[in-house]
Amino acid sequence: MKDSVRVQDAPVELERDLFLRVLLRELSGTLEDVVGLAEASGYISVVGGAMGERFNAEYRRALSVDILTRDQVRDVLVDLKRRIQGDFYVMEEHEDRVVLGNRACPFGKLVEGRPSLCMMTSNVFGSIAAQNLGYARVDIQESIASGHAGCRIVVNLTPNAGTGPNAREYFRIEE
Amino acid sequence: MSEGSKSDAGHGLDFLPDPVLVMTLDGRVIETNAAAKALFGAKLAGGSPADLLADEPEDYRRFLRNASSTTAPRPGKLAFHTDDGPRRFMLQAARSKQGSPNVQVILRLLQQGTDRFAMLDRRVKALDADLHDKLHKNAAMQEALRQKQVLLRELQHRVKNNIQLIMSLTKISASGHDSPEVCAVVETLRGRLQAMAAAQEALYQADEVETVMAQAFLEGVVRTAARASGAAHEVSFSLEDAELSSNEAHCLALIANELITNAAKHGMRNAQGQILVTFANDGGEYRFQVADDGPGISDKAVSRSSGLALVRGLCRQIGGRLDINGDKGTVCTVRFRADSHDVAKE
Ligand SMILES: Nc1ncnc2c1ncn2[C@@H]1O[C@H](COP(=O)(O)OP(=O)(O)OP(=O)(O)O)[C@@H](O)[C@H]1O
Ligand SMILES: [Mg+2]
């Protein structure tokens with residue numbers, strides 16, 4: 001008789017983080033199938049917006065400031081992604097925009113073919129930038145989710161420039 | 001555009017089939033399109049948010065504030081007063097680009113019934129009901145089947161008990177008669193009833209309600225018959241396995257009893273000899289054989305038989321035949337095919 005592997009010792013790739021990423025992948029895939037990419041992105045946006053507000057409040061509290069400066073916003077965007085195992089970095093910095101690059105998605109390989117999940121980044125970035133600087137237009141020009149080697153994300157900080165097809169505009173929520 | 005104006009000059013939304021409302025962050029309507037006017041009518045005239053919005057002010061204000069954070073549409077739900085009472089609408093909301101200095105939010109109401117979620121919902125509900133129905137029927141059928149099996153087992157149990165009852169009745173009837181004829185009749189009857197009881201018992205104990213495994217079953221039958229005819233030490237057996245139907249099991253038990261009794265009774269020399277019982281399964285072709293090394297059997301003896309006549313009758317019941325060879329000892333062979341072959345023919 002063959003030695004049987006105990007269930008507890010079976011070589012199954014599964015732990016909490018992977019479980020949650022698979023869950024998100026299936027959930028977003030289901031949404032994309034059922035309501036279409038545009039509306040699925042809408043739902044992810046609602047979640048992303050709420051998460052952006054939450055993290056914005058967290059960073060403000062941790063840094064003991066009422067509002068983040070432009071430099072702090074830039075650093076927070078990179079730091080936030082680093083903490084969840086993304087690999088974001090500042091590619092370019094201009095008067096009116098910051099261009100961020102990314103070599104590793106926090107969702108890992110599970111993001112491939114799930115562009116609606118990019119709305120998480122767009123909304124979290126947009127929300128944090130707009131809450132502190134008044135306005136942000138986030139343009140995800142390249143993304144791992146849609147098959148690029150890395151992501152290229154332009155965060156525009158002034159409203160006057162032309163809007164690209166994947167750009168989304170964010171504003172400070174008036175109290 | 002002046003604040004509070006309800007002119008349609010702003011966005012030019014009349015061409016949209018869905019009701020569209022442009023609101024301030026506190027829920028005042030600034031602009032509407034034709035579809036919205038048709039839907040809400042007089043409710044739009046008052047100018048107070050509470051005339052139109054059915055949610056708590058805190059709730060719709062939070063929704064509007066969140067929607068005002070981006071010009072990309074976000075989905076949500078709000079309740080509105082309509083002529084038919086309050087109604088919740090799925091909607092898409094986004095910040096208007098024209099809203100300066102006052103922030104404006106555009107709401108596009110998705111008509112109930114045309115919104116894709118509602119359609120999907122209905123579809124899922126229909127499928128759900130279908131599935132539920134099927135599962136329900138399936139469960140009912142399984143339950144009915146289970147009940148039948150319980151009843152069948154109960155029946156088999158009772159038949160077995162009745163056979164035992166008959167056995168004790170014959171014993172009681174025979175007691176007081178010590179003539180050898182009566183004793184012989186009772187002994188024969190007991191042997192036959194015992195064989196039937198064994199078959200019944202096997203059916204009743206088996207996992208399957210309607211079949212019996214030949215090997216274990218025949219071993220029990222052979223041992224009982226050998227012991228009853230005082231030949232426990234002379235009988236040896238070689239039994240292969242097969243799945244027997246309840247009919248086959250009953251007949252084969254009686255056949256084994258008759259042939260083993262005969263071998264013990266007629267096939268010994270000075271109460272000495274060997275009896276070999278064989279059951280072979282050649283892919284659904286069954287062969288049951290009882291062989292002794294006694295004096296053999298004459299054709300004349302066969303013709304005035306009673307036990308052997310019973311064996312022939314039983315053979316007919318299972319579509320088998322009996323061959324007797326009395327040249328060297330007596331070899332009685334019963335051949336028949338597995339029941340399923342017969343069933344398939346029908
Ligand atoms: N194994 C055997 N060896 C020798 N003779 C046999 C054998 N089996 C049967 N016979 C002969 O065949 C006759 C018929 O057998 P059968 O079983 O029909 O009747 P029985 O055994 O005499 O009576 P019953 O079986 O009704 O008690 C027997 O009387 C016996 O002479
Ligand atoms: Mg006999």
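This is a predicted model: local features need pLDDT of at least 70, side-chain atom pairs count only at pLDDT 80 or more; totals for chains, interfaces and linings use all residues.

A: Two strands count as paired when DSSP finds at least two bridges between them. Helices (H or I, at least four residues) and strands (E, at least two) are DSSP runs, numbered from the N terminus. Residues are numbered from 1 along each chain as its sequence is written; chains are lettered from A and ligands numbered from 1 in the order in which they are written.

Start with the antiparallel sheet. Five strands of chain B form this open sheet, in the order S2-S1-S5-S4-S3. S2 and strand S3 (74-82) of chain B are its edges, each pairing on one side only. From one strand to the next, the twist averages 35 degrees (axes are lines fitted to C-alpha atoms, for helices over the stretch in contact; angles run from 0 to 180 degrees between N-to-C directions). S1(B) and S2(B) run antiparallel and are joined by three bridges. In that pair, Leu21(B) faces Thr32(B) of S2(B).

Contact means heavy atoms within 4.5 Å. Helix H3 (residues 57-67) of chain B lies across S1, S3, S4 and strand S5 (104-110) of chain B. H3 runs at about 145 degrees to S3(B).

Now zoom in on one loop residue. Leu25(B) sits in the loop between strand S1 (20-24) and strand S2 (29-32) of chain B. Its C-alpha atom is 6.2 Å from that of Arg61(B), 36 residues away along the chain. Neighbours within four places in sequence aside, the contacts of Leu25(B) include Glu174(A), Leu64(B) and Val103(B).

Next, the mixed sheet. Five strands of chain B form it, also open, in the order S7-S9-S10-S12-S11. Strands S7 (235-239) and S11 (321-325) of chain B are the edges, each pairing on one side only. Neighbouring strands are turned by 10 degrees against each other on average, direction ignored. S7(B) runs parallel to strand S9 (residues 275-282) of chain B, with five bridges between them. Ser238(B) stands opposite Thr278(B) there.

Helix H6 (residues 214-228) of chain B lies across S7, S9 and strand S10 (285-292) of chain B, at about 170 degrees to S7(B). Helix H7 (residues 246-266) of chain B also packs on the sheet, touching S7, S9, S10 and strand S12 (330-337) of chain B. H7 makes about 20 degrees with the direction of S10(B).

The side chain of Ser306(B) has a polar atom at 2.3 Å, and Asn262(B) has one at 2.6 Å. Leu308(B) uses a polar backbone atom, at 2.8 Å. Taken alone, ligand 1 exposes 590 Å², and the protein buries 84% of that (Shrake-Rupley, 1.4 Å probe).

Conventions. Side-chain values use heavy atoms; hydrogens and water are left out. A polar contact is a pair of N or O atoms within 3.5 Å; within protein, one must be able to donate a hydrogen and the other to accept it, and residues adjacent in sequence count only if both atoms are side-chain atoms.
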